[in-house]
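These are my notebook entries on a single chain, kept in the order in which I looked things up.

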Amino acid sequence: MTVSNVETNPADFADIAALHSLLSTEFAYMAARIDPPSSMTRLTPEDLLGKMAQEDLFLIRDDAAPIACLFGAAHPDHYYIGKLAVAAAQRRRGHATALVEAAARHARTLALPALVLQSRVELVENHAAFTAMGFDVIARTAHPGYDRPTSLTFRRAL
């Protein structure tokens, strides 16, 4: 396992195109598996700049290139994490866990009691990973226009 150097809101990071490419590439496998499509299909590099202005970016780089990321946002009763991505060649090295743990430390500094995330119902391998990180399913929700659950909400107490 690799020791991950997670940066939180790195001031020197400006390669939005590379970050967008990482997210787009690593979310692409979902296209044939989930319905409705991921919001990532509509996210532009400009949208990412806005996201970075409003949310926290947790980033792991190899040299200057982003190889893993996660976005987080404080809410009154939890810290929401999303857009977790690890480059395929960098998987199974503990990067996802390192990102989640960095977000947990940050949430604790904000005195928030839990991490919350959502995952599509079809992505059972992600559910197993989140469960292994201490998350529990707390809700099943449907996107507008769907009469069946399309997402699971996970929570991890801090």
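**Entry 1: Arg156.** I listed the contacts of Arg156 in this predicted model, leaving out residues up to four places away in sequence. Arg156 touches Val100, Glu101, Ala104, Arg108, Pro113, Ala114, Leu115, Met133, Gly134 and Phe135. I then looked up its place in the fold and found Arg156 in strand β7, residues 151–157. Is Arg156 buried or exposed? Its relative accessible area is 9%, which is under the 20% limit, so I record Arg156 as buried. I also took a distance to Tyr79, which is 77 residues away along the chain: the two C-alpha atoms are separated by 9.9 Å.

**Entry 2: Ser151.** Strand β7 also holds Ser151. I read a relative accessibility of 5% for Ser151, which therefore counts as buried. Beyond residues up to four places away in sequence, Ser151 touches Ser119, Arg120 and Val121, and also Ala139, Arg140, Thr141 and His143.

**Entry 3: aromatic pairs.** How many aromatic pairs does the structure hold? I count 3. A pair of rings is described by the distance of the centres and the angle of the planes, and I noted both values for two of the pairs.

Phe58 and Tyr79 form an edge-to-face pair, with 6.4 Å from centre to centre and 85° between the planes. I placed Phe58 in strand β2 (residues 56–62) and Tyr79 in strand β4 (residues 78–86); the pair therefore ties together parts that are 21 residues apart in sequence. Phe58 has 0% relative accessibility and so counts as buried. Tyr79, also listed at a relative accessible area of 0%, is buried.

I next looked up Phe130 and Phe135, which form an edge-to-face pair at 6.1 Å centre to centre, with 70° between the planes. Phe130 is buried, its relative accessible area being 10%. Phe135 is at 1% relative accessibility and counts as buried.

**Entry 4: a charge over a ring.** I looked up Lys51 and found it over the face of Phe71, at 5.3 Å from the ring centre.

**Entry 5: α1 against α2.** At what angle do helix α1 (residues 16–27) and helix α2 (residues 45–54) pack? The angle is about 100°, and the axes are 9 Å apart. Angles of 65 to 115 degrees count as roughly perpendicular, and α1 and α2 are therefore roughly perpendicular to each other. On the α1 side I listed Ile16, Leu19, His20 and Leu23 as making the contact; on the α2 side the residues are Pro45, Leu48, Leu49 and Met52. By type, this contact of α1 with α2 comprises 7 nonpolar residues, 1 polar and no charged.

**Entry 6: backbone exceptions.** Most residues other than glycine have a negative phi, and most peptide bonds are trans. I searched for departures from both patterns.

Which form does the peptide bond from Asp35 to Pro36 take, cis or trans? I found it to be cis, with omega near 5°. Pro36 is in the loop between α1 and α2.

Asp63 has a positive phi, near 60°, and lies in the loop between β2 and β3 (65–75). At 75% relative accessibility, above the 50% limit, Asp63 counts as exposed.

Arg92 also has a positive phi, near 65°. I located Arg92 in the loop between β4 and α3 (95–109). Its relative accessibility is 83%, so Arg92 counts as exposed.

**Entry 7: Ser4.** Last, I went to the segment before β1 (6–8), where Ser4 lies. Is Ser4 buried or exposed? With a relative accessible area of 18%, Ser4 is buried. Not counting residues up to four places away in sequence, Ser4 touches Ile60, Arg93, Gly94, His95 and Ala98. As a further distance I took Ser4 to Phe27: these residues are 23 apart in sequence, and their C-alpha atoms are 21 Å apart in space.

Methods:
Residues numbered from 1 in each chain as written. Predicted model: local features only at pLDDT ≥ 70, side-chain atom pairs only at ≥ 80, totals over all residues. Heavy atoms only, no water. Axes fitted to C-alpha atoms, helices over the stretch in contact; angles between N-to-C directions. Helix = DSSP H or I, 4+ residues; strand = E, 2+ residues; numbered from the N terminus. Parallel < 35°, antiparallel > 145°, perpendicular 65-115°, else oblique. Contact = heavy atoms within 4.5 Å. Nonpolar A, V, L, I, M, F, W, Y, C, P; charged D, E, K, R; others polar. Phe/Tyr/Trp six-rings, centres within 6.5 Å; stacked < 30°, edge-to-face > 60°. Buried < 20%, exposed > 50% of the residue type's maximum accessible area, 1.4 Å probe, protein only. Lys NZ or Arg CZ within 6 Å of the ring centre and 35° of its normal.
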